[in-house]
Structures are given as C-alpha cells and as structure tokens.
Amino acid sequence: MNFAELVDVSRRVASAPGRIDKAELLGGLLKRLDPDEIAIGVACLAGHLRQGRIGIGAAVLRAAARPPSPATPPSLFEGAGAHAVAPLTLQDVDSTFERLACVSGPGVTGARAGLLRELFGRATAEEHDFLLRLVRGELRQGALLGVMEDAVARASGLALDEIRRAAMRSGDLERVAVAALTDGLTGLERFQIRLFHPVLPMLAQPVADIAMALARLGTAAFEFKLDGARVQIHRNGDEVRVYSRQSNDVTAAVPELVEAVRALRLDDAILDGEAIALGAGGRPLPFQETMRRFGRQLDVARMRAELPLTLTLFDLLRLDGVDRTGEPARSRGAALRERAPRIAVPQLVTGDVAEATRFYEQAVGLGHEGVMAKALDAPYEAGGRGHAWLKVKAVHTLDLVVLAAEWGSGRRIHWLSNIHLGARDPATGGFVMLGKTFKGMTDAMLEWQTAEFQRLAVQSEGYMVRLRPELVVEVTFNDVQRSPRYPGGMALRLARVKAYRPDKRADEADTVETVRALMK
C-alpha cells in the first residue's frame with residue numbers, strides 16, 4: 001500500500017466526530033492491507049514506531065534539516081518531497097526505521113540524520129507532516145488502544161471482546177491484528193496466558209475517599225496501597241523470572257524476589273505484586289530508593305545488602321497450568337493466600353465505611369500510600385484501567401505527562417525547572433495541560449531531568465522547550481480548581497513533584513476525566 005493512503009485515513013480519523021466513526025475508518029484501511037503490512041499500519045495509525053525508541057531526538061532532527069551539500073533541498077521543517085521520484089510505501093517507511101534502529105557507533109547522529117533526510121526527501125508535504133509527528137510522538141488523532149481494538153474487530157469480523165482478550169494477554173495489538181486478519185478466531189487462540197510471556201498489569205482509578213469507593217463497589221476487598229515497584233513473577237519448577245511493569249526481565253537485579261517465590265508451595269504460577277525497600281522499623285522508603293535496584297547495577301550483591309527488597313503479592317494470574325484471569329477476584333485471592341500466606345498483601349473484606357476507614361488509617365500509619373479497593377467479582381483485566389480497582393491515597397496524586405519545561409532563573413538558571421503537566425485525553429489521543437510546577441525537585445532531580453528533557457526536546461520557544469510526551473511524573477496537589485487559563489478549564493492547586501515514574505508509559509497516565517471527577 002502507498003503510504004499516502006494511510007496518511008489520508010489518518011487525517012480523516014483526526015477530524016471524525018466520534019469513536020465509532022474513527023473505528024470504521026481505521027477498520028476500512030486495515031482490510032486493504034497485505035499481511036506483511038498489517039503490523040506496520042496498526043503501529044503507525046496508533047502513533048508509535050514498531051521499533052520503539054530508536055534515538056530520533058531533537059539533535060537528529062536538526063541535523064536532518066541541514067542539507068548534506070551546498071545544493072539546498074527543501075528544509076525538513078518547511079515540507080519536503082516536491083521532487084520525490086516514486087511514491088512511498090508502508091514497507092519503505094518501516095524498512096527505513098528498521099535501519100535507523102540498527103545505527104550505532106561513532107557518527108550515529110549524522111548517520112540517522114542521513115536516513116531521515118532520504119526518507120523525508122521522498123515524502124509529499126502531507127506525508128512529511130505525518131512522519132515528523134510520528135517520530136516526535138505527537139500523532140494525536142484519537143486512534144488510541146480501545147479504538148484500534150474496535151477497528152481490528154471490524155476489519156476481521158470478530159467480536160470486540162475476543163480482540164480485547166487477546167490483546168490484553170499478549171500486550172501486543174500489532175501481533176493480534178495480524179493473527180485476527182489472517183487466521184481469524186483460530187489465530188487468536190494462540191494468545192493465552194503463558195509462562196515467561198509477561199502480560200500488561202491491571203490498573204486502578206483514583207477516588208477521593210473510602211465512602212466513594214464503597215459507593216461504586218459495594219462490599220469490596222481493601223488492601224494496603226504500597227509505593228513500590230510493580231513486578232510480575234513467573235515460575236515453572238525452579239525457574240523463576242521477574243518482569244517489571246513494562247515487561248522487562250529484571251530477574252538478575254532482584255535475587256531475593258526469586259528466592260521468596262521459590263520458597264512458596266508453587267510449581268507453575270504467574271504472580272502479581274510489589275517490590276519495596278523498607279527502612280528502620282519496617283517503614284517503606286521513598287519510591288526512588290526502591291527504583292535504584294532496577295537501574296543499571298554493576299554489583300547486585302552489594303546493592304542487595306545496602307537496599308534489600310521485600311516482596312508483597314496481591315494477585316494470581318495462573319496456577320498449576322490454569323489461566324485464572326477470568327475468575328472472580330475473591331477466588332484468585334483465596335488461592336493466593338492459601339499458597340503464599342506470609343507474603344500476601346494484608347486484606348479486609350467489608351462494606352462498612354467506618355471499618356474500611358480504620359483499615360485505611362492503619363495503612364497510612366505504617367507509612368503506606370493508602371489502600372486499594374477491589375471488586376470481589378471482577379476478573380483480572382490485563383492492561384485495563386476500569387472501575388474494578390480503585391485507589392484511595394493519603395494525599396491526592398496523579399500520574400501526568402511532562403509536555404514542556406522552562407529554563408529556571410537564579411540558582412536554577414542552567415536547569416530546565418518549571419514543568420508543564422498534562423493529563424491524557426482518550427477522546428483526542430492528546431494531552432490536556434493542567435498547570436506547571438517547579439516544586440519538590442532536588443538538585444539531583446533537576447540535573448537528571450535537564451539532560452532527559454533535552455533528549456526528548458522537539459522544539460524550543462525562547463525559554464520554553466517542548467517535549468515528546470513520553471515522561472510520566474507523579475505529582476501531589478491540594479485540589480483541582482476551575483481555571484480559564486488552561487484548555488481543559490481546570491488546574492491543579494499547589495502541585496508538587498513526588499517522583500518520576502520510568503516504570504510507566506504515557507498511555508498509562510491518568511485521564512482528564514479522572515481529573516474532572518476529582519474536581520467535582
């Protein structure tokens with residue numbers, strides 16, 4: 001397929017009024033793709049590269065804009081492609097990004113810039129604009145995961161629930177789309193909960209207080225809300241592997257977690273839990289301390305001695321070869337507590353506000369964030385952020401995306417300090433700005449974020465630097481107030497950085513609907 005066809009559909013999707021219209025447009029395009037184009041098309045339309053992060057930052061884009069010789073072709077930032085000799089195809093675009101992903105060593109910026117210059121030189125003005133927004137991570141057309149799942153269902157003629165189930169189990173909608181469109185329901189049968197194939201974690205929505213949680217759930221299971229690192233642990237006999245929230249294998253960095261699971265009465269299991277570093281008296285250390293164990297480590301034994309991790313489990317996805325994700329939470333919880341009674345998270349099942357409030361106060365008194373409230377009959381929705389899991393914290397917190405940053409003044413003059421905070425907008429695929437903050441940042445954090453922001457920079461406007469919307473930050477705040485200053489009509493009051501969340505993706509950030517609910 002010519003790339004221009006995909007770009008045209010993307011343009012129409014961006015202006016389509018509703019979710020159904022968007023899904024119909026996307027599904028119509030997916031039907032026309034050859035089997036080897038499906039994964040490429042799904043990734044591009046969803047606004048990301050199949051190859052992941054491949055080092056296309058502001059430096060590469062600036063270098064790509066400069067002509068390689070005195071003969072000056074059209075600038076990257078003015079639109080290119082007036083002299084393209086052959087139409088771009090999806091395969092052309094994808095193969096270029098594959099080559100970009102493989103570039104390394106001395107002169108990497110120039111080499112990447114050359115490949116980009118060649119690609120943009122063949123693009124029409126519309127294709128060029130699409131590609132530029134794609135590599136910047138700014139393709140905001142409303143084709144988010146849910147819409148793309150609907151589009152795959154329409155294109156394949158399969159039930160949306162079947163597509164969602166396969167996508168949640170695999171964590172890879174591109175592979176699911178290929179299977180659905182080429183092999184139908186038979187193709188989806190291969191996407192099962194399997195050992196050593198991590199699935200996306202189930203997520204939670206914040207609510208204001210215990211009363212609101214019980215109003216939504218009725219009688220619920222309340223558990224301590226730990227501020228640690230989410231882990232998914234797979235065991236087959238003596239083989240144990242630990243995966244991070246983003247499905248990275250971190251087994252080598254956390255030997256004590258492996259030992260803890262080997263000590264359980266389990267042979268074949270997939271477990272969901274939290275690893276956390278504890279300080280004096282068993283009180284949890286800040287999240288950043290725990291995350292030190294998951295970075296580059298040259299001496300794991302030394303780090304383990306200095307900063308040991310404690311494992312707490314709160315769910316069970318597979319046991320004795322059986323997928324348990326479709327079972328109600330009460331059944332999964334009972335099985336977990338039978339097999340792992342010592343490291344299962346403390347839990348209270350109640351429908352009484354006063355009793356649940358006392359449990360919440362106990363959790364906060366021990367130094368934890370608050371509590372989780374979980375629906376007793378809910379299945380485990382891998383990757384889902386529905387209303388079956390709710391979180392009640394001691395202070396209001398949100399996971400937001402950094403959209404831009406401003407250079408500081410005074411002693412912060414050499415640091416990017418004031419950050420622009422955005423909530424995810426599922427309706428548009430973009431982000432809604434909720435305000436700025438420069439509070440809560442240590443010198444070490446300022447130094448780190450200045451370097452990281454420059455890597456993510458896409459445009460400089462005086463003292464402000466716009467960023468690719470990739471970096472998630474957890475902020476605390478007093479409340480949400482109405483504000484005509486920002487597009488969403490609201491702003492966070494007294495926002496303060498709590499921690500950056502490298503374990504979370506931008507599409508896991510809190511939504512603008514969540515913020516509106518908190519304001520109400």
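This is a predicted model: local features need pLDDT of at least 70, side-chain atom pairs count only at pLDDT 80 or more; totals for chains, interfaces and linings use all residues.
**Helix packing and a buried tyrosine**

Which residues of α7 are buried? They are Glu127, His128, Phe130, Leu131, Leu132, Leu134, Val135 and Arg136. These buried residues pack against α1, α3, α4 (58–65), α5, α6 and the strand β14 (457–461).

That brings us to α5, residues 90–102. With 13 residues at 1.5 Å each, α5 should span 18 Å, and the 19 Å between its end C-alpha atoms agrees with that. Its buried residues are Leu90, Val93, Asp94, Thr96, Phe97 and Leu100. They cover an arc of only 155 degrees around the axis, which puts them on the same side of α5. As a reminder, an α-helix has 3.6 residues a turn, so residues three or four places apart point the same way. And what covers the buried residues of α5? The cover includes α1 (3–15), α3 (38–46), α6 (108–121) and α7 (125–136).

Now for two helix pairs. Take α1 and α2, where α2 is residues 19–32: they pack at an angle of about 170 degrees, with axes 9 Å apart. Angles over 145 degrees count as roughly antiparallel, and α1 and α2 are therefore roughly antiparallel to each other. On the α1 side, Glu5, Leu6, Val9, Arg12, Val13 and Ala14 meet Lys22, Leu25, Leu26, Leu29 and Arg32 of α2.

The other pair is α9 (residues 160–170) and α10 (residues 173–188), with an angle of about 130 degrees and axes 10 Å apart. These two are therefore oblique to each other, and α9 passes α10 in a right-handed crossing. In that contact, α9 brings Glu162, Ile163, Ala166, Ala167 and Ser170, while α10 brings Leu173, Arg175, Val176, Ala180, Leu185 and Leu188.

Last stop: tyrosine 243, which sits in strand β4 (residues 239–244). Is tyrosine 243 buried or exposed? At 4% relative accessibility it counts as buried, because the cut-off for buried is under 20%. Leaving aside neighbours within four places in sequence, tyrosine 243 is in contact with Phe196, Pro198, Arg230, Val231, Gln232, His234, Asn248, Asp249 and Val250. Proline 308 lies 65 residues away along the chain, and its C-alpha is 18 Å from that of tyrosine 243.

Conventions
Residues are numbered from 1 along each chain as its sequence is written. Side-chain values use heavy atoms; hydrogens and water are left out. Helices (H or I, at least four residues) and strands (E, at least two) are DSSP runs, numbered from the N terminus. The expected span of a helix is 1.5 Å times one less than its number of residues. Buried means under 20% relative accessible area, exposed over 50%, partly exposed in between (1.4 Å probe, protein chains only). The arc is that of the directions from the helix axis to the C-beta atoms. Contact means heavy atoms within 4.5 Å. Axes are lines fitted to C-alpha atoms, for helices over the stretch in contact, and angles run from 0 to 180 degrees between N-to-C directions. Angles under 35 degrees count as roughly parallel, over 145 as roughly antiparallel, 65 to 115 as roughly perpendicular and the rest as oblique. A crossing is left-handed if the near helix is turned anticlockwise from the far one by less than a right angle, and right-handed if clockwise.
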